[in-house]
Every structure is written in structure tokens, then in C-alpha cells.
Amino acid sequence: MSKRHNIGMLVVLAVTLSAAWGQDASTTPATTPPATGATADANPQEASPPPTPAYGQENPPLPITENPPLSGLVLPGLEPHAAPLSYLQPGAPVTESLDSNVSGALGGSSLRSITRAFGSLTLERLWSNYDLALDYVGGVGYYDAKGLGAKLVQALNVNQKVKWKRGQLTLRDNFSYLPEGNFGFAYGSLGPSQNLLGGGFLGGGAFGALGQVPRIMNLSAAEISQSLSPKSAITLTGGYGFMHFTGKYPQGIAYLGSSQVSVQAGYNRTISPHDQIALVYGYQTFHFSPIAGAGTAFHTQVVQVMYGHRISGRMDLLAGAGPQITSLTNFTPFGPLKTNRLSVAGRASLRYRFPKTMLDLAFERYTTSGSGFFAGAQSNVVRFRATRPISRVWSGFVDFGYSHNSRLQPANAGVNAKNYGFGFAGLGARRSFGRNFGIFASYQFDELYFDNSFCNGLSPCSRTSQRHVGTVGLDWTPRPIRLD
């Protein structure tokens, strides 16, 4: 056999072996680990990991992220299968209301109409490590009553999240300019109720109003949440809120502007797949407008033990309680007198999602700014809301709440009373027409009352304000605009 023939046979054999080797490599199972050592260095493309999927994270999140810390601002979602999308959603509702006591006068009753027109815009923007949510509603309401006329209504909520492997930073801000309080705001006038950050502890709520008194309210909050392990996490939250009243004060009452600084730190521990406990410390300091007089600033300290039971997508139960120390300074002819009051603070909430019905029940007991009536108050607040689709095009809701507020300091300004209560109850229904339009109707009853000391022994004296509000409206809500 010639030398040339031998060389040809070797070339054919090499090509055959090379093809067989390549076919065997191409059919290697996906679970085969990448090559290591010199081979990996020589073939970097073969050694690199597969690309990240189009949706979701390459590495699954830690269990603690599916069950957020009890002491944090973030609540677990009850719609876990909702697709994460970036979108822009405009809207425009128009409403007409009949109000039995539009000025909110004590003992007053005079049926008047209110016409409102709003525009709204909702933005959800998602990045790999950043989430931005923005919700704005603004417009005008015309009150058919002497001395009221047109009133501006503005509300803006912003939520920014910055996430990393074991934690996240949450920045939030709630701003509103309203003609009255935001607890039980009549459905159709701006929304069914206020949206407080972290419950009532951080502030930002006005529990009741007497008359149409425009007010600016803002609550800013920042929180860092860090997982120490798959079963433990810590949170640190800070907030600043203020309430400023504008315009004329009705019925001879000088409302008290206020500001509040709050700090809260918590340690959270997961004890089972559905259960958590937490130890939380909180600090609040309150300051009031100069009209309230000297010595009205005070601060509180709260320690709570919390328990949470959560079933993803269906239930969220939270309960917590602990001691609260309120430090007050009262000025006497003999000088400042400092006192400490020991009480109990706490909160409890239950959110439950049935196949068709959504229930939300909450109770809170904290020190609050006094809603402009008092220079600080001990507030007990309860709230219940249920929503349910009635048919393919109909949906309905019921909503009620109640707050009881006790004065903490002497009546230097504001309302001359020891305590007051405010409650509301409402229901409504909405019907969709096509993809973009809907009509709705609602009814709400409000009652504000003060204790007997409000009248100072004078008779007759009315200390109760009641309102019946019926509303019908039309809303335009087009399909969301995808931003992906």
C-alpha cells in the first residue's frame, strides 16, 4: 500500500471520528455540567451559563420575599398569578351627588347638589431591579351652596422600589389637597377611602371633618428591608407627615395644623411556611401650629410583638400589641410639668380572598395628630370593606369605618371637647358597558359627634353632624397602554 494511500485513509478516519464526536456532544443532556479547567478556558462560549429567561429571575427569590416582613410597608399580594406588566392607564370619571348636609354643620340639614369631574392616570413601570408606581387623580367639584362654590381636589401617590439580592429600598409619598377629611371620603367624589402607609402609626390621616375646610396633607416614607437569612429579616422605616389647613374656618373653630416624624425598626422571624413573628420598636414626635400655644409638642414610644399568618394568594392575618409611653409637657404657674402616660397600642388586620369575594378588616390603636380638632389624640380606628362581582358586568361593594379619638392635651385651641367620634357606612354598585365605560351608584352615611363637654353647659347646643350622600356617575377607563 502506497504512502499516499495511507495518508488518505488517515484523513478519512479523522473526519469520521470528528463528526461522531460532534454528534455526541450535540446530544449531551441539558443537565450535563459545563467543562472545567483548560477545556473551559479554551471554549468560553460552551462554558458560559444559559441566557436568563425572558420573564422572571434567573435565581428564585428567597422565601422571605414571598412572605414580606410583618414590620414593613409591603403587604403580600392576594393575586399571585397577575402578570408583571409595565403600562399606562388613563381615566376620567364624572359624578353627580345629593348631600343632605354639604357644609357639615352641627345639627344642620339642607339638601344640595355637588358636581365633580376628574381625570386620573396610573403608571406601572418595571425594570430588572427597579419598580415605579404612580397614581394621580385630580379635578374640581362644584358645591351648590352659599360660600362654597368650586373646590379643587388633588391626590398623588408615588411608590418606588429598588431591589437587590437579599433586600430592597422602598420610597413612598402620599399627597392630597381635599376639601375635607380622607377617612370615609364619599365614593365617587375621589375614592372610597384613604390609603395610609404602614397603618396609622406613620400618620397621614384625618379622621373626621366639620365643614368644608381645604387641607394639604402629605406623608413621605422610606424603608430598608434586609434578609439576614431565609428565615429572618430586619426593617427600618422613617416617615414625615404634615397637615396644613387653608381658607376660612367655619363655625368658629380654629383647626390645628400639625407635623409628625416617625421611626420604626423591626426584627422578623419566619417560624413556619405560613407563620411569622416580629418585635417592633417605634418612635413618634408631634408638633403643632403656633395657634395651639406653647408646650403642645410631645412624643411617644411603642414596643410591639406581632404575629402573622399568611397563605399566598388567599389570606393575610396580622396582629400586634404592646406598651406605649406618651411623654407630655404642660406649663403651669410653677414651671413646666413633665408627665408620662402608659397605655396600649396595637393593630390587627385580616384580608381574605374567596373565589369571588374580597374581605378587608382592620383595627388600629395609636397616638395620632388629632385630625385638626385636638393637639394630639389617642385614636381607635376600625375599618371593614368587601367587594364582589355580581355578574359578568356588575360588581358591588360595602364599606364602613369608625374612629374614636380622645384628647391628650388641654384645649388651647381646636375643639373644646374631651373626645369625638366619626363613623361612616356605604355601599355601591358598578356596571360595565363595553371595554371602556361604566356607570356606578353609591350611598354613604356619615356621623360626627362630640361629647357633652363640647357645649360647656350651654343649652340648647347641637354636638352632632349627620350627612346622607347619594352619588351616580360615569367613568371612562380605556384599555391599558403597554410600555414593554
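Which side chain meets Arg385 in a salt bridge? The side chain of Asp399 does, at 3.6 Å from N to O. A salt bridge here is a side-chain nitrogen of Lys or Arg within 4 Å of a carboxyl oxygen of Asp or Glu. The pair links distant parts of the chain: Asp399 sits in strand 15 and Arg385 in strand 14, 14 residues apart. Strands are DSSP runs (E, at least two residues), numbered from the N terminus.

This is a predicted model, in which local features need pLDDT of at least 70, side-chain atom pairs count only at pLDDT 80 or more, and totals for chains, interfaces and linings use all residues. Residues are numbered from 1 along each chain as its sequence is written, and side-chain values use heavy atoms, with hydrogens and water left out.

Asp399 has another partner. Arg383 forms a salt bridge with Asp399, with the closest N and O atoms 2.6 Å apart. Arg383 counts as buried at 15% relative accessibility, and Asp399 is buried at 4%. Arg385 is partly exposed at 22%. Buried means under 20% relative accessible area, exposed over 50%, and partly exposed in between (1.4 Å probe, protein chains only).

The structure holds 7 salt bridges. One of them joins the side chains of Asp316 and Arg310 at 2.8 Å, N to O. Both Asp316 and Arg310 are buried.

Now turn to Arg467, in strand 18 (residues 464-476). Arg467 is buried, because its relative accessible area is 10%. Its side chain makes a polar contact with the side chain of Asp99 at 2.4 Å. The side chain of Arg467 also reaches the backbone oxygen of Asn101 at 3.2 Å. A polar contact is a pair of N or O atoms within 3.5 Å; within protein, one must be able to donate a hydrogen and the other to accept it, and residues adjacent in sequence count only if both atoms are side-chain atoms.

Leu111 lies in the loop between strand 1 (87-99) and strand 2 (112-126). Leu111 is exposed, with a relative accessible area of 57%. Leu111 and Ser100 are 11 residues apart in sequence, yet 4.2 Å apart in space, C-alpha to C-alpha.

What of Phe242? Phe242 is in strand 7. Phe242 is partly exposed, with a relative accessible area of 32%.

Technical notes:
Helix = DSSP H or I, 4+ residues; strand = E, 2+ residues; numbered from the N terminus.
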